[in-house]
Amino acid sequence: MIPRSRTVSLLALGAICLTGCSSEERPQQQLKPLTLKEQASNVVKSAGGYTVNWAGVLTNRNPWHFGEHVVATVVGKDAAGREVVRMDQPLDAVPPGGSLVFTGEAGASEKPVKVSIDYRPAQWRMAARIASAFRPFPVSRVQTLRQKDGSYLITGYVSNPYQVPAGSLVVNALLRDKAGKLLGGGSTFVDDVKAGSPPRFILTITGLPQGSAVGRTEVTARTWGSTGRPYEDLALGGIVPMHTVKPTTEPFQIDRGSQALKARAQ
């Protein structure tokens, strides 16, 4: 028989252990920061001084979280190291396990010889769906036409794979040389994108260095805004079925697939 005093001591020790165990916090999931995978910038003479064009690609290695409220900071310095241009550019949300293409431009009174792109850390929010639910917006019939002034005219069509219409999408085009090096880019918007009715987009890319040889064009489309809510709303609405036409042939009288399965079972 266990003495009463020892029983009380064991109960007290158990209570302390339970209290200590319950007070331990679970380790929080470590999210990986966004990565600026690529960047390119060009400086061209303009009427008021100089125009700085840039393009970049941010990647999100977290498969369950949106990177939101991201801001890119573009800084240009002259030969003496003085800052001659600075611009904070709010970026769209970076989807889970995906990437974000962004472009922009700013004016400068003096010519910058070095341009750098940095970004502020993202705010993370868990997505309402898995990464595979966020389907890309198909882009088709893309044409790249070089103009006499050295600029490039990009045209094409954007489709919506979701059942819910997309109120507005941003279209980004990147120009690369034959080796795949990023040369520059540009962007535009398309509105009221419905499934089955792809709108046409037109954008112009200027400021490429003289003698640039464009090897290929990459065009992507996405929802825009500092959060991933517009993208989630589309994904939650469902994907357009691949087959929307009812079969016209009569169904098989005998399911031969079932017969094969029965024969194997025997």
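# Reading a predicted fold, step by step

Student: Where is the place of Thr-51?

Tutor: Thr-51 belongs to strand 2.

Student: With which residues is Thr-51 in contact, leaving aside its neighbours within four places in sequence?

Tutor: There are contacts to Asn-42, Val-43, Val-44 and Ser-46, and also to Glu-105 and Ala-106. With Ser-46 there is a polar contact between the two side chains, at 3.4 Å.

Student: How many bridges join strand 2 to strand 6?

Tutor: Strand 2 (residues 49-59) and strand 6 are joined by 10 bridges and run antiparallel. As an example of two residues facing each other, Val-52 stands opposite Ala-106 in strand 6.

Student: Could we step back to the whole chain? How many helices and strands does the protein chain come to?

Tutor: The protein chain has three helices and 14 strands. It holds 266 residues, and 36% of them are buried. Among contacts with a separation of 6 or more, 70% come from residues 24 or more positions apart.

Student: How do I read an aromatic pair, and how many does a search of the whole structure find?

Tutor: The general idea is that two numbers describe a pair of aromatic rings: the distance of the centres and the angle of the planes. In this structure the search finds six aromatic pairs. One of them joins Phe-66 and Phe-134, edge-to-face, at 5.3 Å centre to centre with 80 degrees between the planes. Phe-66 lies in strand 3 (residues 65-68) and Phe-134 in the loop between strand 8 (123-126) and strand 9 (139-146), so this pair ties together parts 68 residues apart in sequence.

Student: Are Phe-66 and Phe-134 buried or exposed?

Tutor: Both are buried. Ring pairs also link Phe-66 and Phe-134 with Phe-137, Tyr-162 and Tyr-231 into a cluster. For another case, take Phe-189 and Trp-224: the ring centres are 5.6 Å apart and the planes at 70 degrees, so that pair is edge-to-face. Phe-189 is in strand 12 (residues 182-193), while Trp-224 is in the loop between strand 14 (216-223) and helix 2 (229-236), so the parts tied together are 35 residues apart in sequence. Phe-189 is partly exposed at 49% relative accessibility, and Trp-224 is partly exposed at 44%.

Student: What about the backbone? What is the phi of His-69?

Tutor: The general idea first: most residues other than glycine have a negative phi. His-69 is not a glycine, yet its phi is positive, about 55 degrees. His-69 sits in the loop between strand 3 and strand 4 (71-77) and is partly exposed, with a relative accessible area of 37%.

Student: And where does Arg-141 lie?

Tutor: Arg-141 lies in strand 9. Its phi is also positive, near 50 degrees, and Arg-141 is exposed, with a relative accessible area of 55%.

Notes. Residues are numbered from 1 along each chain as its sequence is written. Side-chain values use heavy atoms; hydrogens and water are left out. Two strands pair if DSSP finds at least two bridges between them. Helices (H or I, at least four residues) and strands (E, at least two) are DSSP runs, numbered from the N terminus. Buried means under 20% relative accessible area, exposed over 50%, partly exposed in between (1.4 Å probe, protein chains only). Contact means heavy atoms within 4.5 Å. A polar contact is a pair of N or O atoms within 3.5 Å; within protein, one must be able to donate a hydrogen and the other to accept it, and residues adjacent in sequence count only if both atoms are side-chain atoms. Rings of Phe, Tyr and Trp (its six-membered ring) pair if their centres lie within 6.5 Å; planes under 30 degrees apart count as stacked, over 60 as edge-to-face and the rest as tilted.
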